[in-house]
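Biologist: I would like to learn how to read helix packing, strand pairing and backbone angles in a model. Could you take me through them with an example?

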Amino acid sequence: MKKNKKFYIICSLAIGDGCLIKKRNVKKAVLDIAHHIKHQDYIKYKANILESIGIKTKATIKNRKGNTQFRVYTNRNYLCYCVWRRLYQNKCKIFTRKMIRNLDEWSLAILWMDDGCLYYAKRKTKQGKNYLYKMGDIATQSFDDISLQNILNWLKKFGIDAYVTKTRSIHLNRNNVNKLIEIVSPFVKKINSMKYKIGL
C-alpha cells in the first residue's frame, strides 16, 4: 500500500473521535481512539484497519462512572506524527484542501459514524396525518471557519449540499442526508452497533 494511502487512512480515523498525541521534541505520535463500550465492534474494526497497514495497536477498557470506554491506541510511530503535523494547527484540528481531494467514501462513513447524528422530524400532511422524515447533523464545533468551508466543499464532491448552523454543526436536510446514507451504507452495515446511524 502506498504511503500516501496510509496517511489518509490515519487522517480519516483522526478527524472525528480519534486523537493524535505527540510528545515534545519527538517525531513520533500515537493515535488514540475511544468509544463507549457498546461500540466495541466499531473500535475493533478501526484496530483491524490500522493493523492492516502495519501499525500495531493495543486495547484497553477504561471505567468511568456511567460511561465505560473501550479504547485502542497505536504504537508511537512516524506516520502518525506526519498526520499530526498536517491535521493540527495551534493544538486544534483542521480540515485542509488536500483532504477534499484525498478523502473518499470510506472516510465520509468514518466521520458520520464518529460525529454524525441521524434524527427524525415530524410533519403533517395536508390531510392532517403525521409523518416522520430523516435529517442529520455532523458535530463540527471544534473546527475553524476555513475548515468548515472545506468540509462543505468535500461533501459537495459527493453531491451533498449542507450548511453550517449557528451552533457550528453541519446540517443536512432530508434529501441530502438520504444521499449521504446511500453513500456510507455499504461501510456502516458491516458494524452492527453503528447501523442506527443509517436508520437500521
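Modeller: Gladly. Let's begin with a cut-off: angles from 65 to 115 degrees between axes count as roughly perpendicular, and those over 145 as roughly antiparallel. Keep in mind that this is a predicted model.

Biologist: What describes two packed helices?

Modeller: Two packed helices are described by the angle between their axes and by the distance between those axes. Here, α5 and helix α7 (residues 174–188) pack at about 100°, and their axes are 9 Å apart. The two helices, α5 and α7, are therefore roughly perpendicular to each other.

Biologist: Which residues of α5 and α7 meet?

Modeller: From α5 come Glu105, Trp106, Leu108, Ala109, Trp112 and Met113, while α7 brings Val177, Leu180, Ile183, Val184, Phe187 and Val188. Sorted by class, the residues in this contact of α5 with α7 are eleven nonpolar, no polar and one charged.

Biologist: And at what angle do α2 and α5 pack?

Modeller: Helix α2 (residues 40–52) packs with helix α5 (residues 105–115) at an angle of about 150°, with 12 Å between the axes. That angle makes α2 roughly antiparallel to α5. The crossing of α2 and α5 is left-handed. On the α2 side the contact is made by Tyr42, Tyr45, Lys46 and Ile49, and on the α5 side by Trp106, Ile110, Met113 and Asp114. By class, the contact of α2 with α5 holds six nonpolar, no polar and two charged residues.

Biologist: Now the strands. In which sense do β3 and β4 pair?

Modeller: Strand β3 (residues 57–62) pairs with strand β4 (residues 69–74) in the antiparallel sense, over six bridges. To find your place on screen, look for Ile61, which stands opposite Phe70 in β4. The two strands, β3 and β4, form a hairpin with six residues between them, and Gly66 in the turn has a positive phi of about 80°.

Biologist: Where is Arg168 found, and how accessible is it?

Modeller: Arg168 is found in the loop between β9 (163–164) and β10 (170–172). Although Arg168 is not a glycine, its phi is positive, at about 70°. With 28% relative accessibility, Arg168 counts as partly exposed.

Notes: Residues are numbered from 1 along each chain as its sequence is written. This is a predicted model: local features need pLDDT of at least 70, side-chain atom pairs count only at pLDDT 80 or more; totals for chains, interfaces and linings use all residues. Side-chain values use heavy atoms; hydrogens and water are left out. Axes are lines fitted to C-alpha atoms, for helices over the stretch in contact, and angles run from 0 to 180 degrees between N-to-C directions. Helices (H or I, at least four residues) and strands (E, at least two) are DSSP runs, numbered from the N terminus. Angles under 35 degrees count as roughly parallel, over 145 as roughly antiparallel, 65 to 115 as roughly perpendicular and the rest as oblique. A crossing is left-handed if the near helix is turned anticlockwise from the far one by less than a right angle, and right-handed if clockwise. Contact means heavy atoms within 4.5 Å. Ala, Val, Leu, Ile, Met, Phe, Trp, Tyr, Cys and Pro count as nonpolar, Asp, Glu, Lys and Arg as charged, and the others, Gly among them, as polar. Two strands pair if DSSP finds at least two bridges between them. Buried means under 20% relative accessible area, exposed over 50%, partly exposed in between (1.4 Å probe, protein chains only).
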